[in-house]
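Please brief me on this protein model. Which parts are buried, and what touches what?

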Amino acid sequence: MENRPHHTETLPKSATGIRGFDEFTFGGLPKGRPTLVTGGAGSGKTMFGMEFLVRGATQFGEPGVFFSFEESEKDLISNFKSLGFGLEKLQQEQKIGLDYVHIDRTEIEETGEYNLEGLFVRLGYAIDSIGAKRVVLDTLEALFSGFTNEMILRSEIRRLFRWIKDRGVTAVVTGERGSREGSLTRHGLEEYVSDCVIVLDHRIEEQVSTRRLRVAKYRGSSHGSNEYPFLLEEGGIFVLPITSVGLDYEVSEDRISTGIPRLDTMYDGKGYFRGSSVLISGTAGTAKTTMAAQFANSTCNNGERCLYCAFEESSNQIVRNMRSIGLDLAPHRESGLLRFVSVRPTTYGLETHLSTMFRHISEFEPSVVVLDPITNLISIGGFDQVKSALMRMVDLLKSKLITSLFTSLLECGDASERRQVGVSSLMDTWMLLKFVESGGETNRTLNVIKSRGMAHSNQLREFVLTGKGIDIIDVYTGPAGVMTGTARASQEAREKAESLREEQEMERKKREFEHNLAATEACIAEMRAKMDSDRQEMERFIAEHESRKTATFQNREQMANLRKADKDIRE
């Protein structure tokens with residue numbers, strides 16, 4: 001939402017109960033004052049007034065009176081019954097009063113003294129009869145259709161708005177859009193005497209219809225000044241104040257699995273940040289939808305809700321196609337954890353698409369939203385418009401801590417690549433899927449271009465679609481660069497054969513070495529044996545020599561004794 005001024009709001013307000021409207025008006029319409037709702041035919045003026053009345057009676061305890069100058073009471077009851085408003089029951093409970101005032105121009109006699117006193121009496125009685133706090137007058141043009149005197153008309157319009165203020169009722173007065181440039185109303189006076197002016201617009205551009213709402217004036221109160229898309233649907237008006245989402249949302253440190261274990265590994269082993277935005281872009285057939293479906297399946301397996309917005313395929317087709325890779329989304333759809341919203345982009349305008357998605361998000365309260373693919377939205381708006389819409393959607397989802405995954409078709413050419421860079425700047429995480437062509441075949445690869453706030457892999461990975469989902473495998477980098485598919489398999493086979501040959505050669509050399517080692521060790525053993533033998537021979541010779549020497553000495557000593565010679569004589 002737009003940042004509300006910090007000063008204290010003193011103007012009392014009446015909540016309308018219209019979804020989204022009270023947010024950017026900071027409380028609703030000015031209490032006890034008239035509000036002009038202007039727009040062309042079919043823009044939703046009567047619907048706005050009636051819902052303001054019904055919500056007041058059912059939600060805020062404020063009875064109301066609806067004065068119609070175009071539709072009878074019976075028509076009003078019938079028309080709004082189809083939208084879920086039980087006016088008959090509210091009438092019986094004295095919560096709402098319906099009054100049809102038929103204005104016949106031929107019965108109006110204009111004089112200088114002509115006034116609306118009769119209407120004031122009738123209106124006052126209706127208010128007093130049920131204690132009404134709210135009033136709707138639909139429409140001013142029918143009420144003043146008989147006036148040709150401009151001065152009388154302007155005087156009576158002023159009197160009408162002054163009378164409403166004096167009665168202290170909160171009023172919605174509807175009026176037709178003026179045909180003159182710069183004029184909000186047909187007479188050019190109503191917007192000046194009104195305290196609040198709401199402009200409804202129903203435009204058709206390139207055969208696409210879009211309804212928008214703008215607060216052109218609000219005395220004494222700040223308010224959102226942008227144009228807001230809105231829907232007319234069963235249950236009333238739904239306004240999306242998405243243009244006012246700011247950047248002051250909370251962030252989470254929690255992580256959420258991608259649904260593919262090896263892809264989680266590429267994101268620091270934990271997956272995406274909860275509440276972050278993820279873009280998966282690639283050319284046709286690179287399995288963007290498959291990757292989105294696997295993420296949705298993982299979310300539902302964890303017991304969380306996922307809203308899947310598909311702009312190319314029906315839900316049944318997506319469920320059927322995913323079965324080919326072993327992914328069965330049907331149980332999640334049946335359990336209510338997975339909700340599909342399948343619609344062609346050209347069905348609505350860009351803002352209406354955002355309004356519709358926001359309504360589903362508000363009702364379903366998912367933890368994950370998938371938009372597949374966002375590229376198709378370009379068919380209903382220019383690139384800058386789509387980027388602006390996506391920025392608002394991303395901010396809205398982040399403010400609700402919803403993890404969002406967007407797929408985008410990447411076409412060949414520089415212009416398409418520039419578009420991807422423009423869109424990717426809005427995203428926290430960007431994955432690029434590509435085909436790599438080699439050896440007469442194409443194979444899928446992915447790489448993480450960026451992922452804010454976390455460590456992530458910068459490697460190119462090949463992935464294949466198997467009967468158990470997506471399987472990520474390492475890409476082989478050979479002499480000629482990145483190799484995938486058959487080329488990678490052939491190169492791996494060649495490397496395996498070369499590795500086997502090297503192992504065999506290693507075994508041969510090992511055996512040769514062991515043989516030579518054994519021969520050498522045998523030779524060494526033989527030499528050691530000879531050395532042992534020589535050593536024994538030498539020791540024997542030395543022992544014999546010493547023995548002979550001892551014997552010789554003994555013989556000489558003995559001879560000396562016999563000769564009586566000197567015993568100390570030694571040779």
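Glu-51 touches Thr-16, Gly-17, Ile-18, Phe-85, Gly-235, Gly-236 and Ile-237, leaving out residues up to four places away in sequence; contact means heavy atoms within 4.5 Å. This is a predicted model, in which local features need pLDDT of at least 70 and side-chain atom pairs count only at pLDDT 80 or more, while totals for chains, interfaces and linings use all residues. Residues are numbered from 1 along each chain as its sequence is written, and side-chain values use heavy atoms, with hydrogens and water left out.

**Overview**

- The protein has 16 helices and 24 strands. Both are DSSP runs numbered from the N terminus: helices are H or I with at least four residues, strands are E with at least two.
- Of the 571 residues, 49% are buried. Buried means under 20% relative accessible area, exposed means over 50%, and partly exposed lies in between (1.4 Å probe, protein chains only).
- Among contacts between residues at least 6 apart in sequence, 69% join residues at least 24 apart.

**Glu-51**

- Glu-51 belongs to helix H2 (residues 45-59).
- Glu-51 counts as buried because its relative accessibility is 0%.

**Nonpolar cores**

- In soluble globular proteins, nonpolar side chains tend to be buried together.
- A nonpolar core here is a set of buried Ala, Val, Leu, Ile, Met, Phe, Trp, Tyr and Cys residues joined through side-chain atoms within 4.5 Å.
- The largest nonpolar core has 39 residues. Leu-263, Tyr-272, Met-291, Tyr-308 and Leu-329 have the most contacts inside it.
- Helix H10 (residues 288-301) gives the most to this core, with 6 residues.
- A second, separate core holds 34 residues, including Val-136, Ile-198, Tyr-228 and Ile-237.

- Strand E15 (residues 306-310) has 5 of its 5 residues buried, so the rest of the structure largely encloses it.
- In a regular strand the side chains alternate between the two faces of the sheet.
- Both faces of E15 are covered. Cys-306, Tyr-308 and Ala-310 are buried on one side, and Leu-307 and Cys-309 on the other.
- E15 runs parallel to strand E16 (residues 338-342), joined by 5 bridges. Two strands pair if DSSP finds at least two bridges between them.
- Ala-310 has Ser-342 of E16 as its bridge partner.
- E15 also runs parallel to strand E17 (residues 368-372), again through 5 bridges.
- Cys-306 has Val-368 of E17 as its bridge partner.
- Tyr-308 has contacts with, among them, Thr-289, Ala-292, Ile-318, Leu-338, Phe-340, Val-370 and Asp-372, not counting residues up to four places away in sequence.

**Val-278**

- Val-278 lies in strand E14 (residues 277-282).
- Val-278 is buried, with a relative accessible area of 0%.
- Leaving aside neighbours within four places in sequence, Val-278 is in contact with Tyr-272, Ser-404, Leu-405, Phe-406, Met-427 and Thr-429.
- Val-278 and Val-370 are 92 residues apart in sequence and 9.4 Å apart in space, C-alpha to C-alpha.

**Helix H13**

- H13 (residues 350-364) has 15 residues and should span 21 Å at 1.5 Å a residue; its end C-alpha atoms are 21 Å apart, which agrees. The expected span is 1.5 Å times one less than the number of residues.
- H13 is mostly covered, with 13 of its 15 residues buried.
- Just after H13, Glu-365 takes a positive phi of about 55 degrees.
- Arg-359 is found in H13. Its relative accessibility is 16%, so Arg-359 counts as buried.
- Arg-359 is in contact with Arg-19, Leu-231, Glu-233 and Phe-238, leaving aside neighbours within four places in sequence.

**Rings and charges**

- The whole structure contains 9 aromatic pairs. Rings of Phe, Tyr and Trp (its six-membered ring) pair if their centres lie within 6.5 Å; planes under 30 degrees apart count as stacked, over 60 as edge-to-face and the rest as tilted.
- Phe-238 and Phe-358 form a tilted pair, 5.7 Å centre to centre with 35 degrees between the planes.
- Phe-238 lies in strand E11 (residues 236-239) and Phe-358 in helix H13, so the pair ties together parts 120 residues apart in sequence.
- Both Phe-238 and Phe-358 are buried.
- Tyr-267 and Tyr-272 form an edge-to-face pair, because their ring centres are 5.3 Å apart and their planes are at 65 degrees.
- Lys-13 lies over the face of Tyr-218, at 4.6 Å from the ring centre. A charge sits over a ring if NZ of Lys or CZ of Arg is within 6 Å of the ring centre and within 35 degrees of the ring normal.
- Arg-305 lies over the face of Phe-364, at 5.8 Å from the ring centre.
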